[in-house]
Amino acid sequence: MTIATLEDAIADVAADTKKKPLDRGFDKGVSFAVFPKTIKREDGTEIIVFSTNIERRYQDKKGEHQSTSWFDENQLAVVEDFAREARRLIREQRSKKKAEAKQ
């Protein structure tokens, strides 16, 4: 599949849930995952894009698992830490790719 824009690529990554995450974490009901995906541009070059999901998981009154993007005050610190970790991981991966390309 050829992706024309970065926005299309990000949407495509979000739709692709069959891949294993590069990293994931869980704390105080909040989970995060970072997914990489290699896409081919129209010019034939390939790039890796990353998609990050941060959500809160809980059980409703019926005992069914649910997810939400609403966080309480205590969970905001976890969200901040997970966002920072995801950004660090993505930057690390990009640095590795640049170093490999120079070799």
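Me: What makes up the accessible surface of the protein chain, and how big is that area?
Reply: The surface comes to about 7900 Å², and carbon and sulfur atoms hold 48% of it. Keep in mind that this is a predicted model.

Me: Which helices and strands does the chain have, and in what order do they come?
Reply: You get two helices and five strands. Going along the sequence, the pattern reads β-α-β-β-β-β-α.

Me: What makes a residue count as buried here, and what share of the chain does?
Reply: The cut-off is under 20% relative accessible area. Of the 103 residues in the protein chain, 26% are buried, so that share falls under the cut-off.

Me: How do you know that β3 and β4 pair?
Reply: Pairing takes at least two bridges. Strand β3 (residues 30–41) and strand β4 (residues 46–59) are joined by 11 bridges, so they pair, and they run antiparallel. Within this pair, Ala33 stands opposite Asn53 in β4. The hairpin has four residues between the strands, and Gly44 takes a positive phi near 95° there.

Me: And why are β4 and β5 called paired?
Reply: Same test: at least two bridges are needed. β4 and strand β5 (residues 65–68) have four, so they pair as well, in the antiparallel sense. Here Arg57 stands opposite Ser67 in β5. Five residues lie between the strands of this hairpin, where Gly63 has a positive phi near 85°.

Me: What share of the contacts with a separation of 6 or more links residues 24 or more positions apart?
Reply: That's 46% for the protein chain. A contact here means heavy atoms within 4.5 Å.

Technical notes
Residues are numbered from 1 along each chain as its sequence is written. This is a predicted model: local features need pLDDT of at least 70, side-chain atom pairs count only at pLDDT 80 or more; totals for chains, interfaces and linings use all residues. Side-chain values use heavy atoms; hydrogens and water are left out. Buried means under 20% relative accessible area, exposed over 50%, partly exposed in between (1.4 Å probe, protein chains only). Accessible areas come from the Shrake-Rupley method with a 1.4 Å probe; for residues, only the protein chains shown count as cover.
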